[in-house]
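Subject: The structure you asked about

Hi,

Here is the structure I promised to pass on. Have a look at it first, and then read on for what turned up.

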Amino acid sequence: GSNGWLLPHPSYMQGVRALCDEYGILMIVDEVMCGFGRTGKLFGFMNFPGVVPDMFTFAKGVTGAFMPLSGVGMTDAIFDFYRTNAPAYGSTYSGHPLTVACGYATVKYILDNDIPNRVKQMEPTLAEGLAHIVSKHKSAKQARVIGLAGGIDLAGPQGDSLMHMHQTHPGVAFLRRRLREEGLITLVRGHHMHCTPPLIISESEIAMGIEILDKCFGELDDFLENQSN
C-alpha cells in the first residue's frame with residue numbers, strides 16, 4: 001500500500017498464516033487500500049492461496065470514496081465471542097444509514113459487474129506501461145503492479161533510491177508539480193510514485209496517463225542530471 005506496493009511471495013504469506021495457527025496468534029490483515037477489487041481480487045489476501053485472515057480492516061473502496069465508511073471483518077468464531085462480550089465502545093457515526101447505503105450500493109455494483117475481474121484484465125496494460133517508463137528513464141528505478149495497484153520507485157543519479165522514504169527531495173516536488181500541470185493527479189510518498197487509477201479506467205485512458213508519465217519522467221531525468229552537475 002502506502003509503502004510502495006511491495007509484493008510478498010505467496011509462500012511468505014502462507015508461512016505467516018501457518019505460524020499464526022501454530023502459536024494461536026490472530027492474523028489481522030489491512031485491506032484499506034487493497035480491498036474491493038484494487039488488486040484484481042475482491043480482497044488482497046485472496047491473491048495468496050490458502051491464506052484467510054482471522055480479521056481484516058477495510059475502508060476507502062467500500063464506498064468508492066463517495067462517503068467515509070470503514071469496518072472490520074472477522075471469522076464467525078471471533079464474531080460469536082463479541083456477541084456475548086461486547087466491548088465498552090461507542091462511535092457517534094457508527095452505522096450511519098447514509099454511508100451504509102452508499103457502501104451497499106458500491107459493493108453491489110462491484111459484485112454485479114465483476115469489477116475485480118475487469119481490474120485483472122487491465123493489469124497487463126498498466127504493467128507494460130510502467131515497465132516502459134522504467135526501461136526508458138534513469139529517474140525510474142523499478143515498477144510494481146498487481147491489478148490496478150502499482151507505482152514506480154524514483155531513482156537518484158547513481159541508480160539508487162532518490163532518497164529514503166521519510167525524507168524530502170526537490171526532485172519529488174518537481175515531479176508532483178509537472179504531473180499536476182499535465183492533469184495527472186497521483187500520490188508521491190517518499191521515493192515512490194503511486195499509480196492507482198479508478199477501477200473502471202479504460203485501456204485508452206491508461207495509455208493517456210502513460211504518455212504524461214513519459215513526458216514528466218523525461219523532464220525529471222534532466223532536472224536530476226542538472227542538479228548533480
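Let's start with a question: about how many helical turns separate D21 and R17 in helix α1? Helix α1 covers residues 10–23, and these two sit four residues apart in it, so about one helical turn separates them. Do keep in mind that this is a predicted model.

**Salt bridges**

Side chains of opposite charge can pair when their charged atoms come close. D21 and R17 do this: they form a salt bridge, with 2.8 Å between the closest N and O atoms. The two partners have quite separate labels for accessibility. D21 has a relative accessible area of 53%, so it is exposed, while R17 comes out at 8% and counts as buried.

In total, the structure has 13 salt bridges. Another one joins D112 to K108, again with the closest N and O atoms 2.8 Å apart. Both residues belong to helix α3 (residues 97–112), where they are four residues apart, about one turn of the helix. With 55% relative accessibility D112 is exposed, and K108, at 41%, is partly exposed.

Then look at helix α5. Here E181 forms a salt bridge with R178, and their closest N and O atoms are 2.7 Å apart. The two are three residues apart in the helix, which again puts about one helical turn between them. E181 is partly exposed at 48% relative accessibility, whereas R178 is buried, with a relative accessible area of 10%.

**Aromatic rings**

To describe a pair of aromatic rings, you give the distance of the centres and the angle of the planes. Searching the whole structure gives eight aromatic pairs. Take F36 and F43: their ring centres are 5.1 Å apart and their planes meet at 65°, so this pair is edge-to-face. F36 and F43 are both buried.

For F174 and F223, the centres are 4.6 Å apart and the planes are at 15°, so that pair is stacked. F174 is in helix α5 (residues 170–181) and F223 is in helix α6 (residues 203–228), so the pair ties together parts that lie 49 residues apart in sequence. Of these two, F174 is buried, with a relative accessible area of 14%, and F223 is partly exposed, at 23%.

There is a cluster to find as well: ring pairs link F36, F43, F45, F56 and F58.

**The nonpolar core**

Which residues touch the most other members of the largest nonpolar core? They are L130, L148, L175, M193, L213 and F217, out of 43 residues in that core. Several elements give two or more residues to the core, among them α1, α4 (115–136), α5 and the strands β2 (55–58) and β7 (192–195). The biggest share comes from α6, which gives eight residues.

Leaving out residues up to four places away in sequence, L148 touches a list of residues including R38, V119, M122, L126, C195 and I206.

Conventions
Residues are numbered from 1 along each chain as its sequence is written. This is a predicted model: local features need pLDDT of at least 70, side-chain atom pairs count only at pLDDT 80 or more; totals for chains, interfaces and linings use all residues. Side-chain values use heavy atoms; hydrogens and water are left out. Rings of Phe, Tyr and Trp (its six-membered ring) pair if their centres lie within 6.5 Å; planes under 30 degrees apart count as stacked, over 60 as edge-to-face and the rest as tilted. Buried means under 20% relative accessible area, exposed over 50%, partly exposed in between (1.4 Å probe, protein chains only). A salt bridge is a side-chain nitrogen of Lys or Arg within 4 Å of a carboxyl oxygen of Asp or Glu. A nonpolar core is a set of buried Ala, Val, Leu, Ile, Met, Phe, Trp, Tyr and Cys residues joined through side-chain atoms within 4.5 Å. Contact means heavy atoms within 4.5 Å.
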